[in-house]
Amino acid sequence: MLEDIKTQDKTYTMHTYKKFDAAFTKGEGATLTGTDGRTFIDFAAGIGTSSLGYGDKEWVRAVCEQAEKYAHCSNLYYNPVMSQLAEKLCKKTGMSRVFFCNSGAEANEGAIKTARKYAFDKYGKDSDRNIIITIKDSFHGRTVTTLSATGQDVFHDKFFPFTEGFIYCEPDEKNLKKIIDKHVCAVMIECIQGEGGVNILSEEFIRAVRRICDENDILMIVDEVQTGVGRTGKFLCIENFGINPDIITLAKGLGGGLPIGAFLVSDKCKETLLYSDHGSTFGGNPVVCAGANVVVDKVSDKKFLENIVQKGEYLKAKLLQIPEITNIRGLGLMIGADLKTKTAAEVASECVNKGLLILTAKKSLRFLPPLVISKEEIDKGIEILTEVLK
Ligand SMILES: *Cc1c(COP(=O)(O)O)cnc(C)c1O
C-alpha cells in the first residue's frame, strides 16, 4: 500500500520534498498510525502545526460543526467565527488589529507590506524609507519576497530577480546600530530561529532591537510563525523576553492542523493597511477559524502553558542522558540538539523507520511535538531515539 502511494506521489506531484518512508491513516494524541498499521510517536507535529495533537475532541467538533453549517463565504461579508478569533488574539496579546491569511509566508508578506506602507504614509515616497533588516540564519518563507527576507544565502539563488530592500544583520547590537539609517522602515526577527537551527537570540539583543526601533520610529516585526501560540510555554515567545513588537506574525500552530496565517499590528500601525491595500480570498476561513478558536482557548489556560514548560524540561533532561547528544537548547516544546558524530538527516530517517517522527534544522535535531504530548509518549520516543543513537 505504501509502495502504491509512493509511486502515485512520485508520478504526479512535483519532487520538491525529500520524503520519509511513511504515510498515515489516523492519529491520537501525539501518536500516529501508519498505512502498514505501525505506530509512530510524533516529535514533529507536522512541523509544529498539529499543536493539539490528533483527535482533540473539542477541536474536531468545532471544525466539523462549522463545516456542516457553511465552509466559506469570502471577506465580502461578515464572518463571526473570524472576528471572534481576532478579538481573542488582540485581547490575549495586547495588539490592536488582525489580518488573517493562509500561511506563514503570507503573514510575513503582510507584515512587510505594513512596514513599508507605514513609512510611505509618514515619510513620503521620496524618503525611500523601505529597507527591512532581518537576521542572519533567519527563515521567513518561500515566496519571492519572503525568500529575500530570509537571511540565508542559499535561499537567494535560482529565482532572480528577488524583491529588493532587505539587509541581513548578525544578531548583535553593534552590528544593528551600524546598519540603521533613515532608509530603514523595519527590523524583523524570530526570537528563536526555527529552520535556522533552533538558535535563541539573546534577551539583550532582542531588547536592543526594541530600543533602537523606538528611537528611530522603525517598526519591530517579530515572526512568531513557529514560536507562537504556546510553543515555548508562553502564548507568545516574546513574553519570555518582555518586549512588545509593532507587528507579530503567526501561522503554524494557530490552526491546530489547518492552514491559517495572521499578522497582528499594534495601535501605532492599526490604520496602516486600509481599504484596497490588502486581501486574501481564503483568509479567515470559518472552518479554519473554528479550529483556531479552540486552539487559542486551550493554549490560553495557565495550567496548559505550565505543562508545556514542564514537558519541555522533562524532554531536555531525557536528551541529556543520551551520550551522542550535545548542546541541548530551546524553550518549552521547541528544542534543538546537536549530534557528536552522526548527521541529523540520517538519524531522522532511522528514527522514522523505527517509529519516531522527528525534525531536523540545519545540522541539528529539532523537537516540536504536539503541545499535548504525554510523558509516556515522550518516554517511548526517547527510547527509540536512544536505540538509534547507540
Ligand atoms: C515555517 C515558517 C515560515 C513559513 O511558513 P509557511 O506557512 O510555510 O509559509 C515563516 N517563518 C517562520 C519562522 C517559520 O518557521
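How many positive and negative side chains does the protein chain have, and how far apart do the centres of the two sets lie?

Modeller: This is a predicted model: local features need pLDDT of at least 70, side-chain atom pairs count only at pLDDT 80 or more, and totals for chains, interfaces and linings use all residues. Residues are numbered from 1 along each chain as its sequence is written, and side-chain values use heavy atoms, leaving out hydrogens and water.

Charges come first. The protein chain carries 50 positive and 52 negative side chains. Lys and Arg count as positive, Asp and Glu as negative; His and the chain ends are not counted. Each charge is placed at NZ of Lys, CZ of Arg, CG of Asp or CD of Glu. The centres of the two sets lie 2 Å apart.

Now the interior. Of the 390 residues, 52% are buried (under 20% relative accessible area, 1.4 Å probe, protein chains only). The largest nonpolar core has 87 residues. Such a core joins buried Ala, Val, Leu, Ile, Met, Phe, Trp, Tyr and Cys residues through side-chain atoms within 4.5 Å. Its largest share, 9 residues, comes from helix α9, residues 286-299 (helices are DSSP runs of H or I, at least four residues, numbered from the N terminus).

I189, F367 and L385 have the most contacts inside this core. A contact means heavy atoms within 4.5 Å. Take F367. Leaving aside residues up to four places away in sequence, F367 touches F43, L315, L319, L333, M334, I335, A337, I358 and L385. A second, separate core has 17 residues, including A111, I112, F166 and M188.

Key:
Buried < 20%, exposed > 50% of the residue type's maximum accessible area, 1.4 Å probe, protein only. Helix = DSSP H or I, 4+ residues; strand = E, 2+ residues; numbered from the N terminus.
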